[in-house]
Amino acid sequence: MELDAIVIVLGSGVRLAAPLLCACLAGLWSERSGIVDIGLEGKMLAAAFAGAAAASVTGSAIMGLLAGLSASLALGLLHGYAAIDRHGNQIVSGMAINMIAAGLTALVGAAWFGQGGRTPSLEGDARFNPVLFGMDPLTIITILCASLTWLFLYKSRFGLRLRAAGENPAALETAGVSVRRIRYAGVAICGLLCGLGGVYLSVSQAAGFLPQMTAGKGFIALAALVFAKWKPIPALFTCFLFGLLDAVAIRMQGLSVPGLGFVPVQAIQALPYVMTVILLAGFVGRAIPPRASGIPYVKEN
Amino acid sequence: MRAAKLPVWADLTLVPLANVVAAFFVSGLVVLAIGENPFNAMRVLISGSLGSLEGISFTLYYATNFIFTGLSVALAYRAGLFNIGAEGQAYLAGLGAALVCLSLPGLPAIILLPLAIVAAGVFGAIWAMIPGWLQAKRGSHIVITTIMFNWIATSLMAWLLVNSMRAPGSMQPETKSFPPAALMPKFDGILSLFGIAVPSSPLNVSFLLALIAAAFVWLLVWRTRLGYEIRTLGANASAADYAGIGTTRVIVITMGLSGMLAGGLAVNEVLGVQNRLLLEFTSGYGFVGIAVALMGRAHPVGVVLASLLFGMLYQGGAELAFDQPRITRDMIVVIQGLVVLFAGALEGMFRTPIAAVLGLFRRTDEPDSRSA
């Protein structure tokens, strides 16, 4: 590949990585607080729809962002209610949220706009446009989020408590901190970050919503979270790597690589999942989830 | 905050009923919100699925898929394993069936069909046993691994169907048609042999296989040594270990059987209806299995009943989308999600109110505290 081609692929890698990073950091906040979340995909999808719908109705991208964040936050709190207050199965709840979002966005979209589930095309101020080095505000916010996540998770009292809620909630409760509140904060931050990723997809990257437009990005983010061993800085690099793989897959469609021959696009697309399985199995390194994640915390009386 | 203690009969009837009613109540609100009449929608749904012989056949055809995938999820659930991979396992099972049908075209149906079914089962089993083995031996979480395996299956099958298995000269990512001997006998065809005319439908012998599979799962779980080991593992993994149960063996075998059951979806769709392998033939039916297993409380009888309900939803939903175009088929996915939410994640929510109501029979004039 020539130099400018490499620059193009790198650029599109960053753009494809941004929503992954949002969802991955979202999962990180939730799972480090002890709540497993496989509903990242559904929350992103709901935010993508709510964001594009609000942006097209109001003509303002900011309103779209707010609507997207609210939709995703609501689903995040629903997950929190099921997992924290009802001690429900967190996998089941995440699955339910994915299904509800997949169905509801397509159903409501079709009934509301009458375009087969799409929202009208967004133009001008209804969309986030590049402001700095070809990056729009959401990309910049996303990169900021990664550093802020690291800062708050490791350097603040709240971060320490959140990590404790995910590793040893009983000890945290003994120290006089409410595990319930910390975990609710975790799922709320998770909801907001998923919302950011979803709005990015429909209001920044694309000019509107398409049914099922997340197309598994929430699950790649989940894979990235495991691959990054639930740590923020590795999450940044993993998401960039997975975004880059996606960009390469798009670029290589029908191209033959000298020396390698024809590389099937599907092989590159499957690579994040395969790499995660290998890492999770401990063949290369070891990915160990937060110790108390997935286990409902029942306060002793 | 512990869930209230209920009599067994209430636990098996009232609790699931309250959960399903809640799911349908919220679905009704959704229908209302998009500006349609929920009662009218319900009427179309029921008459579309049960109002005619054709409707009933389609309902049973959809139910076949859900019995297989529901049993798959339920069996693994009994062993404490959450198999989210039925979708991918069924997809791979389709590959197994297709390879047999395409490579042995000359065989008579009586040999070819059983071979194809076995191949489907084996392929589904292998795709489930790898995550099982990884969980048992390497400690990787089965939920994450089966999710990953779904996506790997999607890529693998897309690659095979686009590149190596596509019918020559065709632009569609699908194989050529299998020999006619590879088609599962359909009910309309069988009944017409006896002079009984029924409307044409995709309902085929796979439905009977699904019922046999349900009986098999019941026998396995409650009447065999392996079933005892599965239930012990599901109830308390470390106790199972202390009791000398080879947990690795039980996990891998259970996942194998679970994947095999998921393969039934491929038998119904690929061998029963499509007669060729095509892209995304599983169309989310594997995930419906999760809803069905939760609603049926991981019991074969419950799974069959829940499958019939979901069969009605799918068939009735198709009629509904035709009758009232504003309510697209996505409505079914919403209902499905709500069922998973209420019957699964919020399963205990109505226990306390139900216990309170049952307690009322001894006391007087307290108001009904149930909200849904």
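**Helix pair α13(B) and α14(B).** Helices α13(B) and α14(B) are oblique to each other, where oblique is the class left over once angles under 35 degrees are called roughly parallel, over 145 roughly antiparallel, and 65 to 115 roughly perpendicular. This is a predicted model, in which local features need pLDDT of at least 70 and side-chain atom pairs count only at pLDDT 80 or more, while totals for chains, interfaces and linings use all residues. Residues are numbered from 1 along each chain as its sequence is written, and chains are lettered from A and ligands numbered from 1 in the order in which they are written.

Two packed helices are described by the angle between their axes and the distance between the axes. Here α13(B) packs against α14(B), which covers residues 300-323, at an angle of about 130°, and their axes are 8 Å apart; the axes are lines fitted to C-alpha atoms, for helices over the stretch in contact, and angles run from 0 to 180 degrees between N-to-C directions. On the α13(B) side the contact is made by Val288(B), Ala291(B), Val292(B), Ala293(B) and Met295(B), and on the α14(B) side by Val303(B), Ala306(B), Ser307(B) and Phe310(B); two residues are in contact if their C-beta atoms, placed from the backbone, lie within 7 Å. These residues divide into 8 nonpolar, 1 polar and no charged, with Ala, Val, Leu, Ile, Met, Phe, Trp, Tyr, Cys and Pro counted as nonpolar, Asp, Glu, Lys and Arg as charged, and the others, Gly among them, as polar.

Because Glu280(B) has 13 C-beta neighbours inside 10 Å, it counts as partly exposed; a residue is buried if 20 or more other C-beta atoms lie within 10 Å of its own, exposed if 12 or fewer, and partly exposed in between, with C-beta atoms placed from the backbone. With 21 other C-beta atoms within 10 Å, Ala298(B) is buried.

**Where chain B touches chain A.** The contact between the chains takes 38 residues from chain B and 36 residues from chain A. On the side of chain B, the elements that give two or more residues are α6 (109-138), α7 (142-164), α13 (285-295) and α15 (330-345), and of these α7(B) gives the most, with 12 residues. The residues on this side of chain B divide into 23 nonpolar, 11 polar and 4 charged.

**Phe58(B) and its partners.** Phe58(B) is found in helix α4 (residues 53-78) of chain B, where helices (H or I, at least four residues) and strands (E, at least two) are DSSP runs, numbered from the N terminus. Phe58(B) counts as buried because it has 24 C-beta neighbours inside 10 Å. If its neighbours within four places in sequence are left aside, Phe58(B) is in contact with Ser201(B) and Gln315(B). Phe58(B) and Ala119(B), on the other hand, are 61 residues apart in sequence and 26 Å apart in space, taken from C-alpha to C-alpha.

**Gln115(A) in its loop.** Gln115(A) lies between α4 (90-113) and α5 (137-155) of chain A, in the loop that joins them. It counts as partly exposed, with 14 C-beta neighbours inside 10 Å. The C-alpha atoms of Gln115(A) and Ala223(A) are separated by 33 Å, and the two residues are 108 residues apart along the chain.

**The chains behind the close-ups.** Chain A has 11 helices and 2 strands, whereas chain B has 16 helices and 0 strands. Along its principal axes the C-alpha trace spans about 65 × 50 × 35 Å in chain A and about 75 × 60 × 40 Å in chain B. Buried residues make up 56% of the 301 residues in chain A, and 52% of the 372 residues of chain B count as buried.
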